[in-house]
Amino acid sequence: MTGSGAGGGLGKVYSMHVNVKNQPEGPAFIPKVKAIPISENGKMVDITKVLTTYTATDSDTGLPAERVKYVKGSDRDNWLSIDENTGEIKLNKIPDRESTYLVNGTYMAEILCISQDMPSKTATGTVAIQVEDFNDHCPTLTNQTQTICTTQEVLYVTAEDKDAFPNAGPFTFFVIPEGTSGKWSVEHLDDISAMLKPQDTLWPGPHKVTLEFATSRDCHVQTSKC
């Protein structure tokens with residue numbers, strides 16, 4: 001720093017020291033979203049064991065955050081529990097891919113890291129549990145009973161399966177002669193439906209048709225339609 005003295009001459013040069021005080025930035029989750037693939041097959045999942053560890057990083061040092069605790073944020077179906085000291089996460093239940101809380105086969109939950117500073121700082125991370133489908137549902141008919149006219153030549157049947165591809169359709173349908181009233185033929189319509197055609201005249205009254213249908217992954221079902 002310089003200054004002007006009397007007569008317009010240059011003054012003395014002074015040194016100035018500036019002390020910059022560090023402002024802690026707080027913890028941060030890296031990555032912000034942690035993906036965890038897991039099967040819904042209960043034989044392959046042990047909920048007593050740690051599923052994963054999700055800890056935050058100190059933004060100033062790049063080292064694991066210290067003097068923090070971990071808690072759950074949003075966990076809509078209470079799938080998870082977390083150790084507040086270590087960030088270890090366990091499952092509370094066996095994952096279910098058919099749960100209404102999944103979006104595109106993924107369950108999302110928030111994890112919070114809260115520092116013990118005053119004032120405290122909070123980091124938010126997301127655990128994305130990607131549930132792999134397991135063939136745990138067999139198909140069912142959408143309608144077990146139908147009413148048709150005696151002059152009607154075709155009866156349509158449709159199956160549904162709660163599993164996802166490839167553990168669901170396409171379905172194949174077969175008429176089981178044993179337990180079936182009269183003679184019927186079955187023709188493929190699309191991946192989930194078939195046409196039943198009576199080979200004899202239908203008289204008024206109940207008629208029983210026993211069907212077997214299966215998915216592409218060999219889940220067989222036998223059922224009857226009246």
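Guide: Let's begin with an open sheet of 4 strands, whose order is 10-11-14-13 and whose pairing is antiparallel. Strand 10 (140-141) and strand 13 (184-188) sit at its edges; each has a single partner strand, so one side of each is left without a neighbour in the sheet. Please keep in mind throughout that this is a predicted model. Inside the order, strand 11 (residues 155-160) pairs with strand 14 (residues 193-198) in the antiparallel sense, over 4 bridges.

On the way to strand 13, stop at T180, which is placed in the loop between strand 12 (172-175) and strand 13. T180 has a relative accessibility of 13%, and buried means under 20%, so T180 counts as buried. Its side chain reaches the backbone oxygen of I176 at 2.5 Å. Setting aside neighbours within four places in sequence, T180 is in contact with V175, K208, V209 and T210.

Now for another open sheet, made of 3 strands in the order 3-7-6, again with antiparallel pairing. Here the edges belong to strand 3 (52-53) and strand 6 (80-82), each with a single partner strand, so one side of each is left without a neighbour in the sheet. Strand 6 joins strand 7 (residues 88-91) in the antiparallel sense over 3 bridges. Across that pairing, S81 stands opposite K90 in strand 7.

With strand 5, strand 8 runs antiparallel, and 5 bridges join the two; V71 stands opposite L112 in strand 8. With strand 9, strand 8 pairs in the antiparallel sense over 9 bridges, and E110 stands opposite T126 in strand 9. A hairpin of 6 residues joins strand 8 to strand 9.

S115 also lies in strand 8. With a relative accessible area of 7%, S115 is buried. The side chain of S115 reaches the backbone nitrogen of K121 at 2.8 Å. Not counting residues up to four places away in sequence, S115 touches P27, R67, V68, S120 and K121.

What do these strands pack into? The largest nonpolar core has 23 residues, and F29, L80, V127 and I129 have the most contacts inside it. Strand 2 (33-39), strand 5 (68-72), strand 6, strand 7, strand 8 (106-115) and strand 9 (122-132) each supply at least two residues of this core.

In one of them, F29 and Y70 are tilted, at 6.3 Å centre to centre and with 55 degrees between the planes. That pair links distant parts of the chain, with F29 in strand 1 (residues 27-29) and Y70 in strand 5, 41 residues apart. Both F29 and Y70 are buried. W79 and Y107 form a stacked pair, at 4.1 Å centre to centre and with 10 degrees between the planes. W79 lies in the loop between strand 5 and strand 6 and Y107 lies in strand 8, so this pair ties together parts 28 residues apart in sequence. W79 counts as buried at 1% relative accessibility, and Y107 counts as buried at 1% as well.

Note on methods: Residues numbered from 1 in each chain as written. Predicted model: local features only at pLDDT ≥ 70, side-chain atom pairs only at ≥ 80, totals over all residues. Heavy atoms only, no water. Pairing = 2+ DSSP bridges. Core = buried A, V, L, I, M, F, W, Y, C linked by side-chain atoms within 4.5 Å. Buried < 20%, exposed > 50% of the residue type's maximum accessible area, 1.4 Å probe, protein only. Phe/Tyr/Trp six-rings, centres within 6.5 Å; stacked < 30°, edge-to-face > 60°. Polar contact = N/O pair within 3.5 Å; in protein donor to acceptor, adjacent residues only side chain to side chain. Contact = heavy atoms within 4.5 Å.
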